[in-house]
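Follow along with the model beside you.

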Amino acid sequence: EEDSMDAQTYKIYFNSCALVFAPSMDAIRGLGNVFFIDDDEVEKTFRAMVAEASSGRQLNYVLLSEQTEKSLQDFKAQFPVIVAAGGLVLNEQGQILTIFRNGYWDLPKGKVERDEDRKTAALREVSEETGLIQVNISEKVGITFHAFSDEKNPVVIKETHWYRMNARMRGELKP
């Protein structure tokens with residue numbers, strides 16, 4: 001059984017809104033605009049949040065749970081999940097490499113292909129999206145979650161695994 005002291009906080013973003021699985025009130029300190037929900041309201045609330053997200057309001061819905069990992073897994077089982085991987089790419093000066101895509105600055109990432117491990121996918125995606133050839137990958141730095149809609153599904157969860165990387169960058173990069 002999971003010890004509540006080890007429970008992590010998870011956030012699933014949709015535009016400027018978030019669904020938060022938190023082990024305690026301390027874990028959500030400073031979050032602002034918080035609405036608390038019960039286990040049986042999570043899926044319904046998230047679907048309503050997605051439908052309302054275009055309003056521009058920044059709302060956070062919080063499920064307090066000592067077993068945040070289990071709550072997150074139960075929630076994700078209700079939706080299609082895409083697993084992606086990407087890189088937090090640093091140069092020798094400690095600057096972070098970003099890409100400009102679809103009108104936003106973002107970190108390079110993409111879908112993990114069948115029969116591909118996450119580290120390999122992260123390296124491939126960073127190379128494809130930035131043009132970098134020599135990239136060194138080190139430790140995993142975290143997982144992020146966000147939701148989006150596509151042609152087939154009103155809600156899809158994207159689970160992105162992030163790795164620290166470094167590269168020697170000379171001159172201007174061209175994606």
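**Entry 1: K109 and D106**

I looked up K109 first, and it counts as buried at 9% relative accessibility. For my notes, buried means under 20% relative accessible area, exposed means over 50%, and partly exposed lies in between, with a 1.4 Å probe and protein chains only. K109 forms a salt bridge with D106, and the closest N and O atoms are 2.4 Å apart. I count a salt bridge when a side-chain nitrogen of Lys or Arg is within 4 Å of a carboxyl oxygen of Asp or Glu. D106 itself is partly exposed, at 25% relative accessibility.

A word on the source: this is a predicted model, in which local features need pLDDT of at least 70 and side-chain atom pairs count only at pLDDT 80 or more, while totals for chains, interfaces and linings use all residues. Residues are numbered from 1 along each chain as its sequence is written, and side-chain values use heavy atoms, leaving out hydrogens and water.

**Entry 2: E129**

Which side chain does the side chain of E129 make a polar contact with? I found R101, at 2.8 Å. A polar contact here is a pair of N or O atoms within 3.5 Å; within protein, one must be able to donate a hydrogen and the other to accept it, and residues adjacent in sequence count only if both atoms are side-chain atoms. The side chain of E129 also reaches the backbone nitrogen of K109, at 3.2 Å.

R101 and E129 form a salt bridge too, with their closest N and O atoms 2.8 Å apart. This pair links distant parts of the chain, since R101 is in strand β6 and E129 in helix α3, 28 residues apart. Helices (H or I, at least four residues) and strands (E, at least two) are DSSP runs, numbered from the N terminus. Helix α3 covers residues 118-130. Buried or exposed, I asked of E129? E129 counts as buried because its relative accessibility is 16%, whereas R101 is partly exposed at 28%.

How many salt bridges does the structure hold? I noted 12. Side chains of opposite charge can pair when their charged atoms come close. One of the bridges joins the side chains of K70 and D74, at 2.7 Å from N to O. K70 and D74 are 4 residues apart in helix α2 (residues 68-76), so about one helical turn separates them. Both came up as partly exposed: K70 has a relative accessible area of 47%, and D74 has 40%. I also found a network of salt bridges that links E113, E116, R124, E125 and E128.

**Entry 3: positive phi in two loops**

N102 is not a glycine, yet its phi is positive, about 55°. I placed N102 in the loop between β6 (99-101) and β7 (104-106), and it counts as exposed at 69% relative accessibility. D115, also a residue other than glycine, has a positive phi near 65°. D115 lies in the loop between β8 (109-111) and α3, and it is exposed at 80% relative accessibility.

**Entry 4: P154**

Where is P154 found? I traced P154 to the loop between β9 (135-148) and β10 (156-167). P154 is exposed, because its relative accessible area is 54%. Not counting residues up to four places away in sequence, P154 touches R47, V50, F148 and S149; contact means heavy atoms within 4.5 Å. P154 and R47 are 107 residues apart in sequence, while their C-alpha atoms are 8.4 Å apart in space.
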